[in-house]
Amino acid sequence: MSAKTEADNTTAAHSGGIGGGANSSGSSSAGGTTSANGTATPARRLRTRNSTGHGAASGGESAKKSNVSDETSSTPITPAGAHITPAATGPTTVVERPMPSVPMNHASSSVSASKKYHNSCPHPTPTPPSGHKKTVHTQPHSSNKFDQGKNEEFHFDTPQECPVFRPTTEEFKNPLAYISKIRSIAEKCGIAKIQPPASWSPPFAVDVDKLRFTPRVQRLNELEAKTRVKLNFLDQIAKFWELQGSSLKIPMVERKALDLYTLHRIVQEEGGMEQTTKDRKWAKVANRMQYPSSKSVGATLKAHYERILHPFEVYTSGKVLGPTPAAATGSAGGTPVKLEDGGGGTDYKVHEIPTRQQIAPPNENSTRRSKRFGNSSASCGLTGGTTTPKPSATGVFVKTEPKEEFKRDLLSSFNASINSGGNSTTSAAGGGPANTRGANQKKGLGEPPALIVDPLMKYICHICNRGDVEESMLLCDGCDDSYHTFCLLPPLTSIPKGEWLCPRCVVEEVSKPQEAFGFEQAEREYTLQQFGQMADQFKQEYFRKPVHLVPTEMVEREFWRIVSSIDEDVTVEYGADLHTMDHGSGFPTKSSLYLLPGDQEYAESSWNLNNLPLLEDSILGHINADISGMNAPWMYVGMCFAAFCWHNEDHWSYSINYLHWGEPKTWYGVPGSCAEQFEETMKQAAPELFSSQPDLLHQLVTIMNPNILMNNRVPVFRTDQHAGEFVITFPRAYHAGFNQGYNFAEAVNFAPADWLKMGRECVNHYSMLRRFCVFSHDELVCKMALEPAKLTFGIATACYIDMAEMVDTEKKLRKSLLEWGVTRAERRAFELVNDDERHCQECNTTCFLSAVACECNDKLIVCLRHYTVLCGCAPEKHTLIYRYTLDEMPLMLQKLKVKAHSFERWLSRCRDIVDAHTPTSVTLQELQDLCKEAETKKFPSSLLIDRLNAAAIEAEKCVTVIQQLGINKVRTRSDHNQEAAQYKLTMEELELFVQEIDNLCCIIDEGASVRELLVLGKQFVDRADGQLQLSLEALEESELETLINEGSSLRIELQQLDLLQKRLKQCKWYKRSQGLRETSSKLTYQDVKNLLHMAAADLDPTDPYVDREMRKLQQIGADIESWESQAAKYFRRLTQQHELAEIEQFLKSAGDINGQVPSHGLLKDALRKAREWLRAVEQLQQNNHVTYCHTLESMIERGLNIPIKLEELSRMQGHLSSAHQWKDNTACAFLKKGTFYTLLEVLMPRADAINIDSDLKPRFQDDF
């Protein structure tokens, strides 16, 4: 995916019989041997002496035959040790082989297509031998619907999420600069996701009505490496038994289908069938296959292995061609084992992956992918010794084995056995003549001499070398050789129905190397709407719910479950590698018609994938040709489960993928640093695939579960790409993934300056793998060197470094060639030569600087690394073909150096600045100028520039902090300025700040002020610590106040300052308390309360002086409160006269208290008044006459004003109350209502009023 296609090669689908286009016997057909006129004639099944005659060696000639039933059903597989039923004796007859209804083009095509393919596979359509086979394609489908239980049971460890980046609007302006910025983080994961700003939303510019495409067909379980290995193995087994005239049935063991591949692998690991049986390890084999480790299961597995797999092993090992007495008995002596389903099982339908899916070159010769197929046999290693690739009618390379050579081997073996005395069996088995032929060909001796052919050889069994028992003699439909039924392994108990091949032909057919795997094209063409309807219908029917309700986690787990199962049959289609040059881009372009006003912004955007590869900072912009998918985007229309397989980008370039719309695309990535570990893990997991297709990872047709990679310590990261998001892949990072549903994506490659070094490594790696290049790396570098003015400083510098290495290597190679003896040279403009005509014949690299040719074949060239393997001619006949002389290349290099010189100077200075071990003398202004120079001259984004910019920003931050702190040279001294700064630093922060200033890459003028402030702060801390260690008695308030004022002016958050302020409060309180207590007047109770309240609120009571003083004050307060409490009791109770002495004594106790007692004066005055009142009462009682009421009232009123309640006062109040009561009662008795007389006048009537005590008392009133 991304810029590279998920299936890098477009493949033509071919269907047919077993083996497809790989004709191992060119003259044989399904119905018999083909005559000269092309008609199919029946072949004999049994041969008798009666059919002999002149010219009987021809396989097409036959005697009279009797017809047999046209039945095509296959017979069950015969166990190796089965009892042979003797052939019935009677008249000599020849049994005719049944004719197929339609002639096929291969000897093994008699089995119907329905037996060979799953329902998902295209059914082969029989066609005449001269015609092409037509591909039959079925719609995307699944044989099984979604099973929630299976999905939940399948275990899949979700890989770690890759980083997601969200650039700001400013960062989003330059894509290459932003990608370079995130590279250090993202490259460790191989892939990264970028979410553009919300305001960036490009329109979809594809003409949906005109876009029509043919998708690729993907059968999911054939994509996974391990699953494909299993399918290929089962196909081999099925093909083996099919060629023997039997069909493969998968046995059932413990109620589930037996995994024949795993059984075969485990038995081979245990040493093979014989060793496993000898060591009695079948129970262990059952245990390793997760079966119960019982003897019966082990015996069942042994029986199935011996019945199905062991004959295949014996045949392919070649032992069948020799006498095998032991094999004749087989396992007849063993204990019979009862098999499930009666030994039958489930019919296996052959997938025929190599036949159905063979790689063909793409139609577009101009694409970068076409070079991979120009010499596929060389790159894939699929051809062997005498096998020659021949293009079939459809252009597919098909491996064919000339039948004449094979028969010549048999004849030479037969003649050699006759000449040597009859040891023909060993000769036939060993294949000696084949080795002789190979030796003759290697020596260039031409065709081997004609051999004498004995016509009787056709009637002799090639195993026992006897011609008797003619009724049991079988004729091979492949080579016309004869064999006894009882000489075969396993022996045949009956005549096979249909087609039969001899052991040698079976071995040859089954042992053919696997063809390269690829994808086939769908048979129909879609519009976007049609494809979307099909995709949504498929997903909805599969999951049985609306497409938008299917969780991504469920789809992911189901995808890996399907690809890991050989039983699941799910087929999907993928519209991959749609060229924007043919179909238009999803982004609006500058050449687009009818651009809307808002579209112009996106047509010119650097994130537009049509523009990004061609930016001035991208090296791919210097390639003249449009390389589809690399500097011209490709588009992808996906559906649910459509996958792109593991691959990395061509030339290990970057790639970027944008999802225009639709459902998410799930990605998996492996860091480029772990690419070799990834490749090794893939090869170890599926060695069978890589042995037949060494460049499998370059074909983009293989996927593997990330959990397998993770279990082998290969780091894997994942992400879900949603609509409107970008995914970046980094150099050499392997990536794969699949689509969650119907969507539309676009991808392209790009290469910033930092890629150039990686690109050189990639070309060298391709050379070792003999892989074709997409473009010439040397040509690209030289093209840039010739136009240094068009290069940015970053590209010029990277190009200079790469070209310097290239020139040095070229000098060494040309010197080596000269020392070898090549003296002739010729200049050639390689850039004008087609890439396919200037690649090295040995390593397939594209030559540009130089090449070597020989006069024996001037069309073949090799690079200077492989001049010795071009041919066997003398060095004098070789010619050096060069593009530039050794004098011209340094001149080109010098031009780059001049261009990059200013950048180099800038780099050198910047390296000294950012080097921590180099003392710096650069000012902040100079550092800012360097950063501005990098921006103005557009130096390439790099880690150095990032560090320089970070250093400048850090210095500017330090200056800002200094300004906010108000630190300057004038105000650092204690100027008694009480204005508080907005921000303050602690001493620890100030020390770190000074260290940060010292570690800056530049010098800032304000740094001296900060350092001076730190010195003053340390001096203050020392003085403060000294003051804090003094006792309160030794402290002076003035010194503390002066020190506090100095600390407050330092603009530092000093911890000692708070301690000094607390100490000052303690000192002031202590001095005041001491002063109040030591004065002549005692402390008042209010003073004690105030001092204690102040101490509780502001002071630290842990100080011993403060604690002692507080205790004294608390004692004084307690004494005052106790005295006051007692005084209050005297005020409240009735006091007798004799108790006044007690009060007087209590008043004297107040003198022992160190504080002033508030009630002392009041109680003393009350005591004085009480004594005076008592004396007055005593005098009144000593008078001889009765006391008047008004006198009592006056005395009582005087007594009530005394705070002390006297008992005598209560008695007087009682007497006065009794008098008032008598008066009221008398008035009621003697006074009439309305009378004007007083009570006294009524009680004492007289003629004249008498003045009584007129001098003392006025006239009686009514109230007396």
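Guide: T1226 has a relative accessibility of 8%, so it counts as buried. Buried means under 20% relative accessible area, exposed means over 50%, and partly exposed is in between, with a 1.4 Å probe and protein chains only. The model is predicted, so local features need pLDDT of at least 70 and side-chain atom pairs pLDDT 80 or more, while totals for chains, interfaces and linings use all residues. Residues are numbered from 1 along each chain as its sequence is written, and side-chain values use heavy atoms, without hydrogens and water.

Visitor: Where does T1226 lie, and which backbone oxygen does its side chain reach?

Guide: T1226 is part of helix α38, residues 1207-1230. Helices (H or I, at least four residues) and strands (E, at least two) are DSSP runs numbered from the N terminus. The side chain of T1226 comes to 2.9 Å from the backbone oxygen of W1222. Beyond its neighbours within four places in sequence, T1226 is in contact with L1231, L1239 and L1243. Contact means heavy atoms within 4.5 Å.

Visitor: Which residues in α37 and α38 meet?

Guide: From α37 come C1189, L1192, E1193, M1195, I1196, G1199 and L1200, and from α38 L1209, M1212, Q1213, L1216, A1219 and H1220. The residues of this contact of α37 with α38 divide into 9 nonpolar, 3 polar and 1 charged. In that scheme Ala, Val, Leu, Ile, Met, Phe, Trp, Tyr, Cys and Pro are nonpolar, Asp, Glu, Lys and Arg are charged, and the others, Gly among them, are polar.

Visitor: At what angle do the axes of α30 and α31 cross?

Guide: Helix α30 (residues 1007-1029) and helix α31 (residues 1037-1048) cross at roughly 155°, and their axes come within 11 Å. The two helices are therefore roughly antiparallel to each other; angles over 145 degrees get that label, those under 35 are roughly parallel, 65 to 115 roughly perpendicular, and the rest oblique. The crossing of α30 and α31 is left-handed. On the α30 side the contact uses F1020, R1023, A1024 and Q1027, and on the α31 side E1039, L1040, L1043, E1046 and G1047. By class, the contact of α30 with α31 has 4 nonpolar, 2 polar and 3 charged residues.

Visitor: Is T729 buried or exposed?

Guide: T729 is buried, at a relative accessible area of 0%. T729 sits in strand β25, residues 726-729.

Visitor: How many residues of helix α5 are buried?

Guide: In α5 (residues 260-269), 7 of the 10 residues are buried, so this helix is largely enclosed by the rest of the structure. These are L260, Y261, T262, L263, H264, I266 and V267. At the start of α5, a side-chain oxygen of D259 lies within 3.3 Å of the backbone nitrogen of Y261. G271, with a positive phi near 110°, follows α5.

Visitor: How is a positive phi to be read in other residues?

Guide: Most residues other than glycine have a negative phi. N465 has a positive phi near 60°. N844 also has a positive phi, of about 65°. N465 is in the loop between α14 and β15, and is partly exposed at 29% relative accessibility. N844 is in the loop between β28 (824-827) and β29 (850-854), and is buried at 1%.

Visitor: What does the secondary structure of the protein chain come to?

Guide: The protein chain has 39 helices and 35 strands. Of its 1264 residues, 50% are buried.

Methods
Axes are lines fitted to C-alpha atoms, for helices over the stretch in contact, and angles run from 0 to 180 degrees between N-to-C directions. A crossing is left-handed if the near helix is turned anticlockwise from the far one by less than a right angle, and right-handed if clockwise. A polar contact is a pair of N or O atoms within 3.5 Å; within protein, one must be able to donate a hydrogen and the other to accept it, and residues adjacent in sequence count only if both atoms are side-chain atoms.
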